[in-house]
Amino acid sequence: MMNGIFRNFKRTGVTKPMAYAVYIGFFSGLFWSCIRMISYYCNFTKEPVSFLISNWIHEEQIITGFGQTLGSLSFIAFSIVASVVYMWIFRNRRGAWPGLWYGLGWWGILFGLGPITGITHIPTGIGFTLAMTDLCLFVVWGLFIGYSIAFEFTDEASREPAQTT
């Protein structure tokens, strides 16, 4: 089924923006939720991959296998939404900097405004090192999404016909 969904996001040499954004979001969520899970189990961060659903799941279940799986699925869904938003707003931006700032912005929303607004339940006293780990994870996650989408929609050299001499 996955092959059928992602196989045809290019038709006649033109990329379908929405399908491509979902494709990038799915794989960025899958990859970075695994990295986030590894960083949690190696004690690089105190926030498990299920931090996005911490308001809707009991604290005892957050670190169980069910909670981590549900957290990974929620991070994949979050990444798909973030990729679609990036595609709508910033797809014509060139380079890596917009994606870097995009990831930084999401980190600020989730870790700065999240506890205040009740979106996330993240403890405020986690320490500088752990906060920097989460910051770096989100910056690289945003860079992955942003650069992947920007490269696809601004790489004009790949669309030119080959020169024959």
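**Note on the Arg36–Asp134 salt bridge and its helices**

1. In this predicted model, the side chains of Arg36 and Asp134 come together in a salt bridge, with an N to O distance of 3.0 Å. The two partners belong to distant parts of the chain, Arg36 lying in helix H2 (residues 17–41) and Asp134 in helix H6 (residues 128–154), 98 residues apart. A search of the whole structure finds one salt bridge.

2. Are the two partners buried or exposed? Arg36 counts as buried because its relative accessibility is 2%, and Asp134 likewise counts as buried because its value is 0%, the cut-off for buried being under 20%.

3. Helix H2, which carries Arg36, has a length that agrees with expectation, because its 25 residues should span 36 Å at 1.5 Å a residue and its end C-alpha atoms are 36 Å apart. The buried residues of H2 include Arg36 itself, along with Tyr20, Ile24, Phe26, Trp32 and Tyr40. Just after H2, Asn43 adopts a positive phi of about 65°.

4. Helix H6, which carries Asp134, also packs with helix H5 (residues 97–117), and the axes of the two come within 7 Å and cross at roughly 135°. H5 is therefore oblique to H6, and the crossing is right-handed.

5. Which residues of H5 and H6 meet? On the H5 side they include Gly99, Gly103, Trp106, Trp107 and Phe111, and on the H6 side they include Ala131, Leu135, Phe138, Trp141 and Gly146.

Methods:
Residues numbered from 1 in each chain as written. Predicted model: local features only at pLDDT ≥ 70, side-chain atom pairs only at ≥ 80, totals over all residues. Heavy atoms only, no water. Salt bridge = Lys/Arg side-chain N within 4 Å of Asp/Glu carboxyl O. Helix = DSSP H or I, 4+ residues; strand = E, 2+ residues; numbered from the N terminus. Buried < 20%, exposed > 50% of the residue type's maximum accessible area, 1.4 Å probe, protein only. Expected span 1.5 Å × (residues − 1). Axes fitted to C-alpha atoms, helices over the stretch in contact; angles between N-to-C directions. Parallel < 35°, antiparallel > 145°, perpendicular 65-115°, else oblique. Left-handed = near helix turned anticlockwise from the far one by under 90°. Contact = heavy atoms within 4.5 Å.
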